[in-house]
Amino acid sequence: MPHVVISGDISRRFTGGEREFDVEATTFRRLILELDRRFPGLGRQIEEGMAVAIDGEIFQDAYAAPIGEKSEVYLIPRIGGG
Amino acid sequence: MSKIHVSTVINDDPVEYLCEPQQSLLDVLRDELNLTGSKEGCGSGDCGACTVIVDGRIVCSCLMLGAEAEGRKITTVEGIATGDKLHPVQQKFLEHAALQCGFCTPGFIVAAKALLDENPNPSEEEARYWLAGNLCRCTGYDKIVRAVLDAAEVMRAEAAE
Amino acid sequence: MTFIGKDLKVVGTRPIRPDGVDKVTGRANFGADMTVPGMIWGKIKRSPHAHARILRIDAEKALRLPGVKAVVTAADFPNIAAEEAFAGEAIMDFRDLSRNCMARDKALYDGHAVAAVAASTPAIAEAALELIDVEYEVLPFVIDVEKAMAADAPLLHGELFTQGIEPKPTAPSNIAKRINFTKGDIEKGFREADVVIERRYTTRPVHQGYIEPHACVATVAADGQCSIWSSSQGHFMVRQYCAHLLGIDIANIRAAAAEIGGGFGGKTLIYVEPVALALAKKSGHSVKIVMTREEVFRGTGPAAGSVIEVKLGAKKDGRLTAAEVTLKYQAGAFPGSPVGPGCMCALAMYDVPNANVTGYDVVCNRPKVAAYRAPGAPNASWGVESCLDELALALGLDPLSLREKNAAKDGVKAVHGPTWQNIGYAETLAAAKAHPHWRAPLGAGQGRGIASGFWFNIGGESTASVHVNEDGTVVVATGSPDIGGSRVSMAMMVAEVLGVAVERVRPIVADTSSIGYTFLTGGSRVTFATGMAATEAASRVVDELKKRAAVIWEISPEAVEWRDGMAYPAGQNAGAFEPLPLAEIAFRSARTGGPISAEAAINAQGPGAGFGTHICDVEVDKETGAVKILRYTAIQDVGRAIHPAYVEGQLQGGVTQGVGWALNEEYIYDKDGRLENPGFLDYRIPVASDLPMIDAVLVEVPNPRHPFGVRGVGEVPIIPPTAAVANAIYRAAGVRLRDLPMSPPKVLAAIDEEKG
């Protein structure tokens, strides 16, 4: 099952401090829905404020981004630039 | 306050205009004569984007009054090319990619042309000091200086022919 | 579809940009160059106070001045509710954006817009500003980041509670947010260290310094349809933000991209556009607003000033065991400094087993910060790259070897979480080591510094369409304002795919009603993301061309090959027909199915991380404290350079901005919180005589996500220079500067102190 890690700040706001989860999901969309079901409000936070690194590659606004059975998934702050 | 009547020569054309006493030459060029090639980056003579040649000398047109152009001979960036033939400085800016956003470019083109009119064989250091009154925030000046030195070489070769 | 590893004819060459002639002859139209019939002039009145309650605004006298057509204040803008969105370059709140464009209730910094006027001439508008009477209640203010964090600091926003700490605070604060990244066991890491270095580094706000002040022309028709011509990094951004701030349907705004005279992140926000729209609506005229340079300094940008505390622990051999970094960033008047990316970039380049990075986003009475090239990263790296140098000296190690020993590589887990893949940091270090500059002899009083930088780069939404003209020439239209030569890159990628000469492809930047949505020009995304869209659209055109050739030949489209701008019959039909050039197919397009064109609208992912390493030689004048840059080499993994000259230009320009940040640039405030140096005379950006040639070395580790292997390149080059210069100064003069800018008085003071 994919392993998901969130930052300390987000965990304090939404998950009671828990930072790592195993989540059944094959796409980023499913992952968001699954996390939001467990921690209401976390889904919107992820959609609007975060990027996702799946096996080291960063995606933003990409529901369809594929997640593998053994994927390592990090939720990090969104990235802009100059 | 009534406007001032000015007769001058701009890019070899006789030009007459009316301007307000406090209006800068830059504002006259841009707002009254529709010569918008000269740019305003600061309005205080620090950036050189409005550089024009007045009677053979480079001047920040934001620091000169429109009224002071009476009887002068002015060259703006619009007057550097000859018909559809670019000046070597313009051509070399293109070849060396010596511009990114292009906003400071008119000022650099005018200043560089004036440099090469005065000194056909400037050293890198001379070119850098001459152009120190023109600010560019995009290029780091490297390609600008190369373009100017290359244009100088082309112009020397042309002059020798 | 990939072109990586293939023999390319156009990509990698240096053609002349198609918009170039207009720019060297003065014909290109920038923001302030537009004039429309019946246009009048807008000017903005700004607060002279760093922090003040606006008690009353009386425009009666101004409105009586002949020629004055309208005055607007916050009362003319919808009072929109707090709403966080990731709309532009950072998470921001449209309520804050609205209040930044026009102060409501309080002015939060010297230069904050409080009213605006439109009049028939600029001179009348200027005179009318003086006649607008604003009554203020002046409030205590705070400029410095650490003073703003203090418990007894004057508060900017009564409703701001620090996010990211538990339990949720009960009292408001100027600290908008605390963020934190941890890895491993930081205490254990420091216990294992043989050497620990702990230092504090500081920076002042710096302005993006684009030479073109913000400018726009706005028109509002009686039926509510609006048009905006403005200089920005994204006309779709302008449209979206103006619609939001003024309550206009997006379809009723048509925004066009003027040529843009530099941005560097500073034009990823709006300032004048909504004000011009409000004045246009109220006056019934088209309204032009052009900022003065003073307004640009007082009212826009800058990049955050900051405090960076760094503690590094290492074994004797140089292997890092622990790193602790605290970043305190000024956000300016509203929350939203780039401290998040700052935290992630701080240690991203290194394989550190134990780390703790904490960031604070702090409001203070300065202009709201805007993105500036790799926002957040230069501050963090100024601290970390300087401290690494101090560590190298303490360990007696070569600073390049120390970096090599700890460099992030594929498979290394970054402090912010992800495991790196396809990165080229080590390649830039290897290129630095191999470069003649690294071994060149130095004279007395000279020193050499090295530093590295990392930036994520971004992808995002882009639309491109490719049209084949009747004669076989081609147009590529995109929605990305061209800030540094991106049009030529678009034309080159399309020409490569179609197999035609680049001069046969003309690129344009289409307005918001003429092309699909395209995210702004920033984050080093255009050549990557919009280039991906243009490549995709061109590939679809090739598919269509093959179909048309198949119709002409009466064979299956699968039996047609496209190469060098021509259709060839392939497989069993090989050699059966003469090849059909693009122009021939275009000429017959009506008979084969109609116009040939294709559009690609994508959300590009996988932008590819960017790494760079810089080497800098300086000479320090011990009498004056002046630092002269003698030689500079910037090495960067660029993935694949489409037009190498413009890629080099990105490196050279970024380096120069970084050198300005290092040596000269800073905001200076007086005791009343007013900016004292709002002009290019006193805010000194580098000039031609300050610099040598800058050697740009392009390392190409292709990004597999892009058809040509492109990585973003524009952001990274501003990151290493501050530390590279400081590290060189130390070796030249034996003094360690930890406060930017390293201006002559500070360098001289450090030299005098060293002498004792």
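**Figure 1. Strand β3(C) is an enclosed edge strand in the predicted model.** Five of the five residues of β3(C) are buried, so the strand is largely enclosed by the rest of the structure. The model shown here and in the views below is predicted. β3(C) spans residues 68-72 and pairs on one side only. Its partner is strand β7 of chain C, residues 113-119. The two strands run antiparallel and are joined by four bridges. Within this pairing, Val71(C) has Val117(C) of β7(C) as its bridge partner.

**Figure 2. An open sheet of seven strands in chain C.** The strand order is β3-β7-β1-β14-β11-β12-β13. Pairing in this sheet is mixed. The edge strands are β3 (68-72) and β13 (253-257) of chain C. Each of these edges pairs on one side only. On average, neighbouring strands are turned by 20 degrees against each other, direction ignored. In a regular strand, side chains alternate between the two faces of the sheet.

Figure 3. Strand β12 of chain C covers residues 226-230. β12(C) pairs with β13(C) in the parallel sense, over five bridges. Trp229(C) has its bridge partner in β13(C), namely Ala256(C). Helix α7(C) lies across both β12 and β13 of chain C. Relative to β13(C), α7(C) runs at about 150 degrees.

**Figure 4. Helices α3(C) and α7(C) cross.** Two packed helices are described by the angle between their axes and the distance between the axes. Here the helices are α3 (residues 94-101) and α7 (residues 235-246) of chain C. Their axes come within 10 Å and cross at roughly 90 degrees. That angle makes α3(C) roughly perpendicular to α7(C). From α3(C), the contact uses Phe94(C), Leu97(C), Ser98(C) and Cys101(C). From α7(C), it uses Tyr241(C), His244(C) and Leu245(C). By class, the contact residues divide into five nonpolar and two polar, with no charged residue.

**Figure 5. The loop around Pro172(C).** Pro172(C) sits in the loop between α5 (145-149) and β9 (175-183) of chain C. Pro172(C) is partly exposed, with 14 other C-beta atoms within 10 Å. Leaving aside neighbours within four places in sequence, Pro172(C) contacts Leu155(C), His157(C), Gly158(C), Glu159(C), Leu160(C) and Phe161(C). Take Glu159(C), which is 13 residues away along the chain. Its C-alpha atom is separated from that of Pro172(C) by 6.1 Å.

**Figure 6. Domains of chain C.** Chain C is divided into domain 1 (20-27 + 459-604), domain 2 (34-139 + 212-261 + 267-299) and domain 3 (306-457 + 608-755). The C-alpha centres of domain 1 and domain 2 of chain C lie 39 Å apart. Their contact takes 14 residues from domain 1 of chain C and 15 residues from domain 2 of chain C. On the domain 1 side, the contact residues divide into six nonpolar, seven polar and one charged.

**Figure 7. Domains of chain B.** The domain assignment of chain B gives domain 1 (4-79) and domain 2 (88-160). Their centres, taken over C-alpha atoms, are separated by 22 Å. Domain 1 of chain B brings 13 residues to the contact, and domain 2 of chain B brings eleven. Strand β3 of chain B (residues 51-54) gives the largest share of the domain 1 side, with three residues. That side divides into seven nonpolar, five polar and one charged residue.

**Figure 8. Contact between chains B and C.** Two pairs of chains touch, and the most contacts are between chains B and C. In this pair, 44 residues of chain C are in contact with 43 residues of chain B. On the chain C side, the elements that give two or more residues are α1 (20-25) and α19 (644-663) of chain C. α19(C) gives the most, with eight residues. The chain C side divides into 21 nonpolar, 16 polar and seven charged residues. Chain A and chain B do not touch. Their nearest C-alpha atoms are 13 Å apart.

Definitions and conventions: Residues numbered from 1 in each chain as written. Chains lettered and ligands numbered in written order. Predicted model: local features only at pLDDT ≥ 70, side-chain atom pairs only at ≥ 80, totals over all residues. Domains from an automatic or database assignment. Contact = placed C-beta atoms within 7 Å. Nonpolar A, V, L, I, M, F, W, Y, C, P; charged D, E, K, R; others polar. Axes fitted to C-alpha atoms, helices over the stretch in contact; angles between N-to-C directions. Parallel < 35°, antiparallel > 145°, perpendicular 65-115°, else oblique. Pairing = 2+ DSSP bridges. Buried ≥ 20, exposed ≤ 12 C-beta atoms within 10 Å, placed from the backbone.
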